[in-house]
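Student: I would like a close look at a single part of this protein, please. Could you take me through the stretch of paired strands and then show me what lies around it?

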Amino acid sequence: MSRLPVAVIGGGVAGISAALRLADFGVQSILFERSDRLGGRIRSFFDSDFGIELDLGAHIVSGGYKDFLALLRELGTVDDLQWIEPLHLSLKGSGTPVYDLRFKNFPGMLGPLAGFLSYKALNIRQRFSLTAQLTRLMMMRYVPALSAEMWLQRVGATHAQMHYFWQPLILATLNALPGHVSVASLRQIIQLGLSTARGFSLGIAQKPWQKIVGDAALGCLQRKGVDVRLKIGVEQIIIEKGTIGGLVVEGERIEVSAVILAVAPWDWKGIFAPEDFEYLFNKVWQVPLASAIHGVHFLFDAEPPEADRLMTGLLETTTHWIFPRRLQGKRSRWLLSTVASASEQLLSMPEQEVISLILKELRSVWPAFSYEPVQARCVRVRRATCPFDADLEKRRPAQKTRVSGLFIANDACATGFPATLEGAARAGFRAAQAFREEDG
Ligand SMILES: Cc1cc2nc3c(=O)[nH]c(=O)nc-3n(C[C@H](O)[C@H](O)[C@H](O)COP(=O)(O)OP(=O)(O)OC[C@H]3O[C@@H](n4cnc5c(N)ncnc54)[C@H](O)[C@@H]3O)c2cc1C
């Protein structure tokens, strides 16, 4: 079986992780990526007006992301992240002070606990009951099939707790409103924080993500002998008698020993013959609706407010987080990247209007910051991530499929994590492992 190469389809985090692991196992592979760069949803693009690479969207990395951080270590770029450690989040609304949720440098759970108990956005009673809700979420033996919102209502979360803690947390980590994701997904995120000593820290990129993931991966994969083929989309996966028969690439059939499908779930349907798609997925899985993310990048010739913080959350605005970065070599030139999670309501709005709206919001939060941006760019990602409701969560596909030689690796797979960088990296590593086990 392993005399022919294994095909990895898709060069996002999942595909890169799968191809690297196959190389570590001594398995020859070809990675097909239909765009001209590796990275998938974490890639960047060169913007000639800005004169720099802009990210498709700002990404936050949890210190609990074991597999994604292992991937960056292997790529040699883990030090390109700057860490907020211990965790410190700032939230600011129009006319409100900056509220700081600052974990303390105490051992174990004492650090987060002390942070919650001194979180001034909530009164003392609400701080205590928030820690009780978190403890309850972690300790429950049976996770009910409820949305995060229903579960939080059930445990008595107040409006203030939702507003100043749960909703920003869920939007930032799951790219969805609390009513649209399962309590299981919420629990997975908190568990990630608890899983390592650094779990509650946050990593923010200090250079374009393309350099940290896609470009670094291209060099690393090629050094390991992986045949990376950019700008080549796979047209069809051929399945014959329940086994991988080959691929159709540029109109030609090619032979491969196995396939790791590492494309996003909305691209699955087109790559299989209808009956194969039906056989593989239809009874168990429907492609979920994806949540949108709108990022607006601004270039300012002035230092933006809260520039000493790596990120600040905004309350009651369409934008949820801002990330300021001083540009190297340019005195006092700042890139301010904003993120509006689960922003389906902006999809029908022209991009210029989105820019004006976000700028207006920034000015309502910081009235004194009245500078005109030198440049502004709206980046709309219509399908950014899949939020899993309680029903879909149970039916996420495993890496090993019913077809011999076909494995699935992407952030929508069943990995025990929501659709995140960690879910994608883990799915990639596991798919390679599943291939090895099936191959004997
Ligand atoms: C704006 C934005 C912000 C985000 N923020 C965060 C965050 O803060 N933290 C976090 O953990 N996650 C975040 N995510 C989610 C994270 O980016 C994804 O979970 C992860 O990148 C998914 O990786 P993947 O490899 O599963 O899929 P993808 O990155 O989608 O990779 C799939 C690849 O397959 C390629 N492809 C598709 N069809 C074919 C074909 N037929 N042949 C060849 N190639 C094909 C595509 O071009 C693509 O490169 C964010 C996502 C977006 C869009």
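Predicted model: local features only at pLDDT ≥ 70, side-chain atom pairs only at ≥ 80, totals over all residues.

Tutor: Happy to. Residues are numbered from 1 along each chain as its sequence is written.

Strands here are DSSP runs of E with at least two residues, helices are runs of H or I with at least four residues, and both are numbered from the N terminus. Two strands pair if DSSP finds at least two bridges between them. Strand β13 covers residues 252-254 and runs antiparallel to β12, with 3 bridges joining them. The two form a hairpin with 2 residues between them, and Glu-250 in that turn has a positive phi of about 50°.

On its other pairing, β12 (residues 243-249) meets β11 (residues 234-240) in the antiparallel sense over 6 bridges. Val-234 is partnered there by Val-249 of β12. These strands also form a hairpin with 2 residues between them, with Lys-241 in the turn at a positive phi of about 50°.

Now for helix α9, residues 214-223. Its buried residues are Gly-214, Asp-215, Ala-216, Ala-217, Leu-218 and Leu-221; buried means that 20 or more other C-beta atoms, placed from the backbone, lie within 10 Å of a residue's own. Their cover includes α1, β2, α2 (66-75), α8 (209-212) and β10 (227-230), where contact means C-beta atoms, placed from the backbone, within 7 Å. Just after α9, Gly-225 takes a positive phi of about 90°.

Next, the ligand. It has 36 residues around it, the closest being Gly-10, Gly-12, Gly-40, Gly-57 and Thr-420; to count as near, a residue's C-beta atom, placed from the backbone, must lie within 6 Å of the molecule. Among the elements that give two or more residues to this shell are α1 (13-24) and β2 (29-33). Domain 1 (6-42 + 210-288 + 390-439) and domain 2 (46-62 + 204-208 + 289-385) both give residues to the shell, so the ligand lies between them; the domain bounds come from an automatic or database domain assignment.

Methods: Buried ≥ 20, exposed ≤ 12 C-beta atoms within 10 Å, placed from the backbone. Contact = placed C-beta atoms within 7 Å.
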